[in-house]
Amino acid sequence: MGSFMTTLTVPEKLKLIYEGKAKRLYETNQVDKVLIEFKDDLTAFNGKKHDVIASKGILNAAISAKLFTILEKNGIATHFIEQVDERTILAKRLKMIPLEVVCRNIAYGSLIKRVPLFKPGQKLNRPIIEFFLKNDELGDPFLSEEHIISLEIVREDELNEIKRITRRVNDVLKDFLARVGITLVDFKLEYGWDLNGDLILGDELTGDTMRLWDSKTGRILDKDLYRKGEPLSEVLKAYKECYRRIVLEEVP
Ligand SMILES: Nc1ncnc2c1ncn2[C@@H]1O[C@H](COP(=O)(O)OP(=O)(O)O)[C@@H](O)[C@H]1O
Ligand SMILES: [Mg+2]
């Protein structure tokens, strides 16, 4: 995978701040920066299903780095600074907002269960943005905008800004992915505040957090393969295909 050209001195990795289901976060000797290491672990159903797929973290680090770079080029503020090794990115340290911001272009997954009027695979005439509380113990419950404002998770103007940026992210990612033969079905974003109080897109952009379908065949190229119980070798194949298309931009 070659060397990583770093344009700056990489801050020193200090202690582990947080170990999640898919990543490890390390504090650095620069208070405003974190190192985010992508693990090979894959989980589903709120952690109830768990496996390890060797090299998944490497594929996901590169896919995330590439997509964050594209968003930055399109004027969207993200936490991404640079990739420092094959499974680690350097990022702005954020105070995370405990929301999972979901944006959907095609009806699928939990939307169908919640609103059975939508049919799986139905193209939505305008993207739908939904919010869930990021809280594993509570099972990431759905939140309406009124709930979020009432709970003072963010203010109304901040929520509107989150929606505005999310639509921009969707437009940019949808266009790029279409060029490499991938349909962006839906995805989950997490936002946070940097030290200046600016709203920044954080976390990851990978097959763990996006539904990606082959534009021509409809083949699933994301974590849904794992949810559906496909062999791990098939899941890895799909993640490698995403890497080929997104990182290497090999159009099928
Ligand atoms: N730039 C950032 N600064 C601080 N925290 C972040 C940043 N980006 C993501 N995070 C948080 O780090 C954690 C990432 O690890 P992950 O394995 O995805 O955790 P989880 O299992 O909680 O989703 C998440 O809790 C996420 O909200
Ligand atoms: Mg996560």
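The model is predicted. The protein chain is divided into domain 1, residues 13–94, and domain 2, residues 96–232. The centres of these domains, taken over C-alpha atoms, are separated by 18 Å.

**Contact between the domains**

- Domain 1 puts 23 residues into the contact, and domain 2 puts in 25 residues.
- On the side of domain 1 that touches domain 2, the elements giving two or more residues are β4 (41–44) and α1 (56–73).
- Helix α1 gives the most to that side, with seven residues.
- Sorted by class, that side of domain 1 has 12 nonpolar, seven polar and four charged residues.

**The five-stranded sheet**

- Strands of a sheet pair through backbone hydrogen bonds, in either a parallel or an antiparallel way.
- Five strands make up an open sheet with antiparallel pairing, in the order β1-β2-β3-β7-β6.
- β1 (13–19) and β6 (80–85) are the edge strands and have a single partner strand each, so one side of each is left without a neighbour in the sheet.
- From one strand to the next, the twist averages 30 degrees.
- β6 and β7 (residues 88–92) run antiparallel and are joined by four bridges.
- Within this pair, D85 stands opposite T88 in β7.
- Helix α1 lies across β3 (33–38), β6 and β7, and runs at about 150 degrees to β6.

**The three-stranded sheet**

- Three strands form another open sheet, with antiparallel pairing and the order β8-β13-β14.
- The edge strands here are β8 (95–96) and β14 (199–201), each of which pairs on one side only.
- Three bridges link β13 (residues 191–193) and β14 in the antiparallel sense.
- G192 stands opposite I200 in β14.
- Helix α4 (residues 156–179) packs on this sheet and touches β13 and β14, with its direction at about 30 degrees to that of β14.

**Helix α4**

- Which residues of α4 are buried? They are I162, I165, T166, V169, L173 and L177.
- An α-helix has 3.6 residues a turn, so residues three or four places apart point the same way.
- α4 has 24 residues and reaches 35 Å from its first C-alpha to its last, which is close to the 34 Å expected at 1.5 Å a residue.
- After α4 comes G181, whose phi is positive, near 80 degrees.

How values were computed: Residues numbered from 1 in each chain as written. Chains lettered and ligands numbered in written order. Predicted model: local features only at pLDDT ≥ 70, side-chain atom pairs only at ≥ 80, totals over all residues. Pairing = 2+ DSSP bridges. Contact = placed C-beta atoms within 7 Å. Axes fitted to C-alpha atoms, helices over the stretch in contact; angles between N-to-C directions. Domains from an automatic or database assignment. Nonpolar A, V, L, I, M, F, W, Y, C, P; charged D, E, K, R; others polar. Expected span 1.5 Å × (residues − 1). Buried ≥ 20, exposed ≤ 12 C-beta atoms within 10 Å, placed from the backbone.
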